[in-house]
Amino acid sequence: MATDLKRKIEAFSQELSPKLVEIRRHIHRNPELSYREYETMAYISKILSEHHIPYKKGVADTGVVALIEGEPGGKVVAIRADIDALPIEEKNDVSYKSKNPGVMHACGHDLHATVALGAAINLNHFKKSFKGTVKIIFQPGEEKNPGGASLMVKAGVLENPKVDMIFGLHSDSRFQVGEIGYRYGAAMAEPDEIAIKIKGKGGHGAAPHLTVDPVVIAAEVILALQKIASRMIDPTENIVVTIGKIEGGQTTNVIPDEVNMLGTVRTLNPELTPKIPGMIEQILKGITSAYGGDYELNYDFGYPVVMNDDQANDILIEAGKEFLGSENVKEIPMPSMGGEDFSFYLQKVKGTFYRLGTANPEKGTTGYWHSSHYDINEDALPVGAGFMAYLALKALEKL
Ligand SMILES: [Zn+2]
Ligand SMILES: [Zn+2]
């Protein structure tokens with residue numbers, strides 16, 4: 001690609017910077033929960049209209065898909081941003097603090113939407129300079145099952161025109177502004193959810209022999225579940241089993257009838273996942289029957305493993321070195337046990353999910369995702385928008 005175009009994209013993105021900050025702050029101030037992103041959809045549509053970028057809204061109810069057509073011929077590259085917020089009360093004392101009580105952009109999706117809009121404005125501005133098409137997907141519901149991405153795929157966003165490669169990003173305060181992170185292969189886990197009910201027979205706390213105590217059974221079950229990771233699966237695999245909630249009983253001297261538990265199971269190996277419910281079942285069956293109790297298990301498979309494509313990563317790294325400098329393109333040292341519904345696109349089309357640095361210790365923007373103090377460094381907005389546009393063009397050139 002002409003270095004001239006690279007410089008033009010950089011300069012144009014810096015020029016856009018105040019506008020990008022305004023967009024990000026508007027979205028941040030008006031967060032909406034998963035699958036209820038109606039105002040966010042309207043706002044994204046308004047910005048696209050202002051720039052005469054064609055789009056379709058209401059895709060999977062609250063999604064938006066924009067299309068930028070360069071010169072005829074060429075391939076189709078997609079850029080994806082998620083737009084939903086979380087049920088968290090914002091504790092940041094900033095002018096753009098959330099106006100919606102108990103709802104907050106604490107995962108950086110306000111940045112993702114802004115970067116995608118900035119990339120769209122960029123690509124639209126330079127559409128005479130490239131051949132091919134870029135589809136920009138703004139999807140709902142990344143934070144909540146079944147995952148907005150799965151609904152967008154069902155709605156046909158990867159077709160008409162058919163997408164050849166897709167890129168998605170996530171804010172990441174482990175990287176500085178101007179840096180990106182990449183990872184080959186399995187990058188993020190499949191996050192499954194489990195609900196367990198231990199059924200016993202309640203009674204007097206002073207006469208446990210006349211009861212089947214589900215609290216004691218639950219205690220043994222929780223410990224035994226840890227053995228899935230430590231004793232039942234190859235130790236070189238990545239797996240975590242966590243019980244996050246346990247509930248049962250009312251008071252000191254009453255043995256309850258049942259105990260309920262909720263938890264998560266995460267793996268990085270798609271072949272391993274289907275085997276886990278059987279292992280949990282085996283533990284539940286063995287322990288509850290030993291004490292005369294019973295159980296119910298609900299196992300919900302979550303988003304698939306994020307499996308990045310090698311060719312897409314090669315393109316990402318090449319674009320990153322050219323646009324940001326070699327020293328700013330970093331390998332993510334470990335895969336994440338977090339989940340991400342971007343994997344639904346990756347099941348259908350080649351692509352990669354990368355990290356955009358958003359840290360700035362001086363500005364205090366280093367908080368961890370999903371925290372009530374999470375914030376991003378807005379200097380990442382023009383960098384992210386320019387780089388995403390450049391990356392799309394690089395992919396069009398390479399494919
Ligand atoms: Zn999140
Ligand atoms: Zn997120």
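Residues are numbered from 1 along each chain as its sequence is written, while chains are lettered from A and ligands numbered from 1 in the order in which they are written. In this predicted model local features need pLDDT of at least 70, side-chain atom pairs count only at pLDDT 80 or more, and totals for chains, interfaces and linings use all residues, with side-chain values taken over heavy atoms, leaving out hydrogens and water.

- Because His109 lies in helix H3 (residues 109-125) and His170 in strand E5 (residues 165-176), the pair ties together parts that are 61 residues apart in sequence; helices (H or I, at least four residues) and strands (E, at least two) are DSSP runs, numbered from the N terminus.
- His109 counts as buried at 0% relative accessibility, and His170 counts as buried at 6%, where buried means under 20% relative accessible area, exposed over 50% and partly exposed in between (1.4 Å probe, protein chains only).

**Sheet**
- An open sheet of 4 strands is ordered E10-E12-E8-E13 with antiparallel pairing, two strands being paired if DSSP finds at least two bridges between them.
- Strand E8 (residues 190-199) and strand E12 (residues 258-267) are joined by 10 bridges, and Lys199 has Glu258 in E12 as its bridge partner.
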